[in-house]
Amino acid sequence: MRIIRPLSCQKRNRSDSALASRLAHVVLIALAAIASCASAQAPAPAQTTLAETERADVRAALHAISRMDDADTALALAEDGAALYETETVRLDGYEYCSQAVALADRGEFRRSVQAASKALHVALQTGNEDLLAKAYRDLAIVFSYSGQLDRAETFATLALSKHAEDPQKVQGPAHKILGDVRSRQQRYPEAIAAYELALQTSSARYRPLVQASLANALIQSGDLVRAQRELDALQAPDDPAQRAQLERTRGRLLLAENKPAQALALFQRLAAQTVPGDEGNYRMWALDGVSRSEQALGHPDQAAQALDQALAAFDNVRARFRSDEFKMGLFSDLQSVFERAIGLYSQTGNPERAFAVSERSRARALLDAVADRGKTPEDATAQVADVASLRKLLRADERIVAFHSLKDQLLVWVISPEGVSEHRIAVSRADLVRLVEAYRQAIVGLRPSAVDAGDSIAGLLLAPLGLQDGLRLIVIPHGPLHYLPFQALRMDGKYLIQRHPIAIAPSVSIAARLAARAPTTAPRLLAFGNPLVSPAVAEPLPGAEREVGNLAALFPRPQVYLEATATKARFQSEAPKARIVHVAAHARADIADPLHSQILLADENGRQNFLEAREVLSLNLNNVSLVTLSACESGLGRVADGDEVLGFTRSFLSAGTSALVASLWPVPDRDTERLMTTFYRDLRAGDDLQRAMQAGQLAVLEHPETSHPFYWASFNLIGNWRLTVEN
């Protein structure tokens with residue numbers, strides 16, 4: 001097994017929506033039973049309803065999984081801290097590493113922040129300094145909270161509270177606030193309020209206003225508007241202009257919650273006209289979003305749409321950077337929420353093409369934000385998104401684009417064909433969709449037989465309403481949690497989707513169009529890396545990967561093959577830009593805190609680890625590379641951004657210029673991957689395009705009874721140019 005633990009449309013009528021909602025509930029119940037097998041549960045009290053028991057089972061099972069991951073993460077962080085500390089030219093005091101960690105987290109440099117806190121953790125454990133240990137845990141809680149890893153943020157905040165700190169206010173106040181932030185982002189507002197109240201009791205006078213602002217926002221969300229007003233009245237205007245603007249946003253939110261849209265409109269219009277030093281576009285954009293919300297509450301949909309258009313236009317002036325002041329004030333908003341409101345508004349007002357165009361624009365923006373200041377982006381990222389008319393001309397008669405966008409309360413799907421665009425609304429919330437996908441993936445990875453039936457239910461919810469005919473080539477544009485969903489493993493009428501359709505994935509329709517417009521064929525110039533030699537303490541050898549590369553090399557003239565000790569990062573960086581087809585059969589691991597630090601475990605060099613990180617791929621020129629195959633454990637995984645897709649290697653290779661990528665969604669069995677990849681490349685060399693060849697590779701594993709479960713064959717996604725063929 002290549003396993004390394006990661007660090008880490010036609011509108012539907014009311015009866016159709018009700019049916020979809022009931023079906024979503026049935027699917028959740030089925031998957032709750034699957035998930036609950038992971039953890040033994042105590043009998044529910046007699047008065048507990050069945051639905052409450054099911055939800056508790058799911059939460060308990062997922063929490064048990066997260067506890068195991070967190071134990072591994074804490075151990076890994078301590079080990080990483082020790083290794084980093086040993087290589088330091090100048091070793092700092094442990095408290096100086098804590099200061100570094102906080103400063104880096106405030107700038108959004110999450111990986112470096114984790115590394116600094118890990119070094120503080122190592123020093124604390126080495127010296128037995130419990131005060132330093134408490135602060136190291138506190139800082140890890142801060143960075144994991146900022147990066148959206150809420151379970152880990154909660155774990156380390158709880159650990160910080162369990163340690164004795166010499167000045168308790170420096171640990172307990174921030175730790176309780178982080179617990180409140182976690183609960184607020186989980187929409188568990190009573191628990192958030194209780195945590196903020198504890199933070200107020202244990203915070204310094206300097207820190208207390210930030211807690212009060214966060215408490216006020218949680219009170220607004222919970223509906224306790226009278227108390228929220230009291231908290232805001234008790235706050236003095238912050239010295240920081242950015243924090244003053246954020247506080248005014250909170251006052252505007254309170255006015256809207258109090259059903260005073262006219263007063264809210266006046267406040268947000270005043271904010272939109274103000275200048276905030278540092279990044280004026282950001283604060284103007286949020287003020288315009290408030291104007292739109294106020295106009296909508298006043299019953300002015302046209303003015304609301306106009307204000308939203310202005311807010312979207314303001315995005316061009318907003319620098320893509322992390323803003324810790326929003327987190328410190330308890331706002332937890334992101335740029336993508338403005339896009340979501342626009343998509344929902346245009347869909348509701350009967351303008352599906354405009355809704356689709358905004359969805360596409362949101363994906364382009366998510367890409368810019370993801371790789372800001374760390375490398376180039378695909379050449380179309382800053383251009384206008386492809387219009388529907390151009391997309392229809394691009395498609396062949398047997399091709400369909402199926403684009404998803406997950407909103408808070410529903411899932412929108414657009415099906416684009418040469419004839420037109422249809423929009424479908426599916427009554428499944430984003431929260432339910434996250435649970436569906438995660439439980440389904442866990443069922444597959446756990447080799448549970450019930451995963452097959454769950455695939456039937458999910459297909460009935462997501463795909464049956466689309467009316468797709470057998471044999472059509474599908475180009476799927478996932479969104480949010482759907483990037484983790486193996487569409488090929490879903491079933492309809494007793495047949496897996498891969499048996500009905502060739503399937504490809506793309507980050508956006510515009511990127512898919514650009515990739516498909518490239519040269520349709522590529523030269524058979526193979527560069528392959530197999531079974532890189534790394535320390536046995538890090539990963540086990542992969543003899544199957546070595547055989548896999550040998551089988552592939554036999555299909556290509558004059559292949560470049562690097563095995564074991566020769567499969568190094570230096571060779572990859574020097575040779576990959578000159579190749580046309582790059583195949584890597586190795587271990588990989590996803591970095592959850594910062595996906596662009598995800599790693600492919602290439603061979604040690606000069607006795608030291610030298611793994612290839614996703615961020616390093618961004619600096620390569622891969623414009624001549626037609627296909628990269630990462631035949632590696634979880635190579636396609638990374639954090640799913642709120643706006644769009646999985647970050648990590650998918651982003652990096654496409655951003656560097658690769659036309660197509662094959663990557664995995666879960667740990668891959670060595671033997672079965674060898675069979676899949678051998679079939680894939682054999683059919684590719686025989687003249688099939690990428691989409692047909694991947695279909696053949698997955699069917700080659702599926703057709704064997706002992707490997708018919710989706711775990712064995714459904715892991716790999718084909719991403720990008722589905723039409724590519726290889727010259728004979």
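At what angle do helix α23 (residues 543-553) and helix α27 (residues 670-685) pack, and how far apart are their axes?

**Entry 1: basis.** I note that this is a predicted model, in which local features need pLDDT of at least 70, side-chain atom pairs count only at pLDDT 80 or more, and totals for chains, interfaces and linings use all residues. Residues are numbered from 1 along each chain as its sequence is written, and side-chain values use heavy atoms, with hydrogens and water left out.

**Entry 2: two helices.** I looked up α23 and α27 and found an angle of about 10°, with the axes 9 Å apart. Helices here are DSSP runs (H or I, at least four residues), numbered from the N terminus. Axes are lines fitted to C-alpha atoms over the stretch in contact, and angles run from 0 to 180 degrees between N-to-C directions. The two helices are therefore roughly parallel, a term for angles under 35 degrees. Contact means heavy atoms within 4.5 Å; on the α23 side the residues include Pro543, Arg547 and Leu552, and on the α27 side they include Asp670, Met677 and Tyr681.

**Entry 3: the cores.** I next looked up the largest nonpolar core, which has 149 residues; Phe572, Leu627 and Phe680 touch the most other members. Such a core is a set of buried Ala, Val, Leu, Ile, Met, Phe, Trp, Tyr and Cys residues joined through side-chain atoms within 4.5 Å. Buried means under 20% relative accessible area (1.4 Å probe, protein chains only). Helix α20 (residues 450-462) gives the most to this core, namely seven residues. A second, separate core holds 63 residues, among them Ala153 and Leu219. Beyond its neighbours within four places in sequence, Leu627 has contacts that include Ile581, Phe680 and Leu724.

**Entry 4: aromatic pairs.** I recorded 13 aromatic pairs in the whole structure. Rings of Phe, Tyr and Trp (its six-membered ring) pair if their centres lie within 6.5 Å, and planes over 60 degrees apart count as edge-to-face. Phe572 and Phe653 form an edge-to-face pair, 6.4 Å centre to centre with 80° between the planes. Phe572 lies in helix α24 (residues 569-575) and Phe653 in helix α26 (residues 649-656), so this pair ties together parts 81 residues apart in sequence. Both residues are buried. Ring pairs also link Phe572 and Phe653 with Phe529, Tyr562 and Phe649 in a cluster.

**Entry 5: Ala693.** Finally, I located Ala693 in helix α28 (residues 690-702). Ala693 is buried, with a relative accessible area of 0%. Its contacts, leaving aside neighbours within four places in sequence, are Phe680, Asp683, Leu684 and Asp688.

Technical notes:
Buried < 20%, exposed > 50% of the residue type's maximum accessible area, 1.4 Å probe, protein only. Parallel < 35°, antiparallel > 145°, perpendicular 65-115°, else oblique. Phe/Tyr/Trp six-rings, centres within 6.5 Å; stacked < 30°, edge-to-face > 60°.
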